[in-house]
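Subject: Structure handover and notes

Hello,

Here is the structure I said I would pass on. My notes come after it.

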Amino acid sequence: VLNSAKHVYFESEVPNFDQQNVNKDFLRELAGLSTNVENIFRIRNILLSKGIIFIIEPALSGLRADGVTAKLFNSIPVIALSLRYARLDNFWFTLLHELAHIYLHFVEMDAIIVEDLDVEAENRIEREANLTAKYSFVSQTTWANCRPRYERSVNSVETYAREEGIHPSIVAGLLCRELNDYKLFSNLRNEIDVRELFNNQ
């Protein structure tokens, strides 16, 4: 990951990173970009403008990794996504989870953080990153009692997603994760293959 990040660093003009620029408003703004699938191709430049290097780096065989957050030269944040799961909801949640680490934990990071998001968060920083990512997509006040939680219909998911200004697959993914039922909304969640989109770019 760091070798790939070095290539980006030496080939691009990477502005100085200011952690104050990565805040709740920025995360929420990024989450809103999910409504248009084509916006995934803007992420690299958006993050680079903030001094963050973003790369797609397939996970090593046998390594269960969805994303990585690291420091290059001990001062430049790096986010890598493996696209281990090619679903759109996984792409966006992993991205916001890694950004949450930069927002909340960058100063205290002293090692590369490798994420397997299938595993229940067992420490403070992972729980904080999960919650921050989730509430970048949905309102904490509406989420607990949102219609899709009870109706579990595609129509209710799409309506709530419009109200929150995010892609419906993300609402579906959050519900599957919370309810531990990954058969829910499978067509909606698997409709778009992000790995294929990047391969065809």
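The notes below go through the sheet, the cores, the aromatic residues and the backbone.

This is a predicted model: local features need pLDDT of at least 70, side-chain atom pairs count only at pLDDT 80 or more, and totals for chains, interfaces and linings use all residues. Residues are numbered from 1 along each chain as its sequence is written, and side-chain values use heavy atoms, with hydrogens and water left out.

Sheet

Helices (H or I, at least four residues) and strands (E, at least two) are DSSP runs, numbered from the N terminus. Two strands count as paired if DSSP finds at least two bridges between them. Strand E1 (residues 53-56) pairs with E3 in the parallel sense over four bridges, and Ile53 stands opposite Val78 in E3. Strand E2 (residues 67-72) runs antiparallel to E3 and is joined to E3 by six bridges; here Gly67 stands opposite Leu81. E2 and E3 form a hairpin with three residues between them.

E3 is mostly covered, with six of its six residues buried (buried means under 20% relative accessible area, exposed over 50%, partly exposed in between; 1.4 Å probe, protein chains only). In a regular strand the side chains alternate between the two faces of the sheet. In E3, Ile76, Val78 and Ala80 point one way, Pro77, Ile79 and Leu81 the other way, and all are buried.

Cores

A nonpolar core is taken as a set of buried Ala, Val, Leu, Ile, Met, Phe, Trp, Tyr and Cys residues joined through side-chain atoms within 4.5 Å. The largest has 52 residues, and those with the most contacts inside it are Leu47, Ile79, Phe91, Trp92, Leu95, Leu99 and Phe137. Among the elements that each supply at least two residues of this core are strand E3 (76-81), helix H4 (88-105), helix H5 (124-137) and helix H8 (154-164). H4 gives the most, with nine residues.

Leaving aside neighbours within four places in sequence, Trp92 is in contact with Leu30, Leu33, Ser34, Ile40, Ile43, Phe137 and Ile170 (contact means heavy atoms within 4.5 Å). A second, separate core of 11 residues includes Leu48, Ile53, Val68 and Leu72.

Aromatic residues

Rings of Phe, Tyr and Trp (its six-membered ring) pair if their centres lie within 6.5 Å; planes under 30 degrees apart count as stacked, over 60 as edge-to-face and the rest as tilted. By this rule there are eight aromatic pairs. One of them is the tilted pair of Trp143 and Tyr160, 6.0 Å centre to centre with 40° between the planes. This pair links distant parts of the chain, with Trp143 in helix H6 (residues 140-143) and Tyr160 in helix H8, 17 residues apart. Trp143 is buried at a relative accessible area of 2%, and Tyr160 is buried at 4%. Phe41, Phe91, Trp92 and Phe198 form one aromatic cluster.

A charge sits over a ring if NZ of Lys or CZ of Arg is within 6 Å of the ring centre and within 35 degrees of the ring normal. Arg149 lies over the face of Trp143, at 5.0 Å from the ring centre, and Arg87 lies over the face of Tyr85, at 5.5 Å.

Backbone

Most residues other than glycine have a negative phi. Leu83 has a positive phi of about 55°; Leu83 is in the loop between E3 and H4 and is buried, with a relative accessible area of 5%. Asn180 has a positive phi near 55°; Asn180 is in the loop between H9 and helix H10 (186-189) and is exposed, at 63% relative accessibility. Phe73, in the turn of the E2-E3 hairpin, also has a positive phi of about 55°.

Regards
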